[in-house]
Amino acid sequence: ALPAKPFPHIFIDDLFPEEVLQQINACEYPDPFPEEYCQQRLPGTKCFLLGFGSGGMKKLAVHDETLLGWRSRQFLYVLKSQIFVSFLETLSGIAGLVV
């Protein structure tokens with residue numbers, strides 16, 4: 001067994017269907033992330049850089065889920081569902097997870 005450092009964790013290959021993730025990414029998120037996408041964003045969104053220097057990655061945070069495309073919203077609803085949260089509680093041994 002490999003040590004789980006710095007904290008206990010798990011990695012699950014193919015937890016979600018690759019086609020679903022590709023559809024969400026291709027249809028709802030520009031690639032590459034153009035600078036004007038952050039500059040002309042909708043109210044309720046925030047762009048920021050992750051990392052340091054020129055190798056930093058842009059990230060778009062959306063605080064209003066109605067601004068997301070329908071595919072992203074459906075995926076988030078699955079992640080917030082009682083079935084998925086129960087799975088995570090069983091997997092982690094932590095009861096009462098808040099989503």
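Analyst: Helices (DSSP runs of H or I, at least four residues) and strands (runs of E, at least two) are numbered from the N terminus. With that in hand, the protein chain reads α-α-β-β-α-α along its sequence, made up of 4 helices and 2 strands. Please keep in mind that this is a predicted model, in which local features need pLDDT of at least 70 and side-chain atom pairs count only at pLDDT 80 or more, while totals for chains, interfaces and linings use all residues. Residues are numbered from 1 along each chain as its sequence is written, and side-chain values use heavy atoms, with hydrogens and water left out.

Let's look closely at the place where helix 3 meets helix 4. Helix 3 covers residues 70-80 and helix 4 covers residues 82-92; the two pack at an angle of about 50°, with their axes 5 Å apart. Helix 3 is therefore oblique to helix 4, since angles under 35 degrees count as roughly parallel, over 145 as roughly antiparallel, 65 to 115 as roughly perpendicular and the rest as oblique. (Axes are lines fitted to C-alpha atoms, for helices over the stretch in contact, and angles run from 0 to 180 degrees between N-to-C directions.) On the helix 3 side, the contact (heavy atoms within 4.5 Å) is made by Val78, Leu79 and Lys80, and on the helix 4 side by Gln82, Phe84 and Val85. These residues divide into 4 nonpolar, 1 polar and 1 charged. Here Ala, Val, Leu, Ile, Met, Phe, Trp, Tyr, Cys and Pro count as nonpolar, Asp, Glu, Lys and Arg as charged, and the others, Gly among them, as polar.

Lys80 lies in helix 3 and counts as partly exposed because its relative accessibility is 42%; buried means under 20% relative accessible area, exposed over 50%, and partly exposed in between (1.4 Å probe, protein chains only). Leaving out residues up to four places away in sequence, Lys80 touches Glu65, Val85 and Val99. Val98 is 18 residues from Lys80 in sequence, yet their C-alpha atoms are 9.2 Å apart in space.

What joins the side chains of Lys80 and Glu65? They meet in a salt bridge, 3.2 Å from N to O, the term meaning a side-chain nitrogen of Lys or Arg within 4 Å of a carboxyl oxygen of Asp or Glu. This pair links distant parts of the chain, 15 residues apart: Lys80 is in helix 3, and Glu65 is in the loop between strand 2 (57-62) and helix 3. Glu65 is partly exposed too, with a relative accessible area of 29%. A search of the whole structure finds 1 salt bridge.

Phe84, on the helix 4 side of the contact, also leads us to another region. Leu15, in the segment before helix 1 (18-28), is in contact with Phe84 and Phe87, leaving aside its neighbours within four places in sequence. At 36% relative accessibility, Leu15 counts as partly exposed. Asp14 is in the segment before helix 1 as well, and is exposed, with a relative accessible area of 70%. Asp14 has a positive phi of about 55°, although it is not a glycine.

Among contacts between residues at least 6 apart in sequence, 35% join residues at least 24 apart.
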